[in-house]
Amino acid sequence: MLFVPTMANAQSYQCRAPSLIQPASPSKKPASQPRRIKPISGYTLAMSWSPEFCRTRKDNARHKTQCSGDDGSFAFILHGLWPDAQGPSYPQWCRPTRALSPAIVKRNFCMMPTARLMATEWAKHGSCMARRPETYFRISRIMFGAVVFPNMDRLSRKPLTAGQLRQAFVSANEGLAANMIRLKVNRRGWLEEVRICLGQGFRPKRCPSHMQMLGNDSAVKIWRGA
């Protein structure tokens, strides 16, 4: 059976939502980004490697809940569940959205530890998939919770290639293949994101040819944190 959700797959450590949570203000479509309503052909499950993201943001008030350590220590977090379409142009900003309730923010905090990120992902991507944010985040929790993550600490302590990192995910997840996994690294070769391509039924599928794949021989470094 593929992608079986388990609580053991959570990637937060001692995570606790802030006691006072305000509604997450609705995210507005930037003028530079068009509204695109297109048939959905699949999805991308984008998971951000939090230690790298927080490497230079620990004292940044904008990213306090994710990076300060006050609300938990995070490994992979969910960047978002994105609808795809045929070709490189994907659906986005399909309809205006309202503020996310404190209950939604609290329930999803340990998966996506910033209200601003939740609001943006719901407005930009989720609005093209569901009419209610509860539905979008429920599906997102199921898909994120179904991923079995390899031992990133062990992988970070030796020379690593993109192919080896993909294989580590393949070995941990039945039904996953290397050509279903995209990796995003920064200019210095440090891992930023792991993205899994999904079909219309939310099962992993081979990534479309128009999506850029990091070469298997490319070196990848994993920042463990300070």
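Which handedness, left-handed or right-handed, does the disulfide of Cys54 and Cys67 have? The torsion about its S-S bond is about -70°, so this disulfide is left-handed. The model is a predicted one, in which local features need pLDDT of at least 70 and side-chain atom pairs count only at pLDDT 80 or more, while totals for chains, interfaces and linings use all residues. Residues are numbered from 1 along each chain as its sequence is written, and side-chain values use heavy atoms, with hydrogens and water left out.

Counting pairs of cysteine sulfur atoms within 2.5 Å as disulfides, the total comes to four. With bonded cysteines counted along the chain, the pattern reads 1-5, 2-3, 4-6, 7-8. In the link of Cys54 to Cys67, the S to S distance is 2.1 Å. Both Cys54 and Cys67 are buried (under 20% relative accessible area, with a 1.4 Å probe and protein chains only).

Next comes the pair Cys94 and Cys128, with sulfur atoms 2.0 Å apart. The torsion here is about 100°, so the disulfide of Cys94 and Cys128 is right-handed. Cys94 and Cys128 are both buried.

Cys197 and Cys207 form a disulfide as well, their sulfur atoms 2.1 Å apart, and this link is right-handed, with 105° about the S-S bond. Cys197 has 1% relative accessibility and so counts as buried; Cys207, at a relative accessible area of 8%, is buried too.

Key: Buried means under 20% relative accessible area, exposed over 50%, partly exposed in between (1.4 Å probe, protein chains only).
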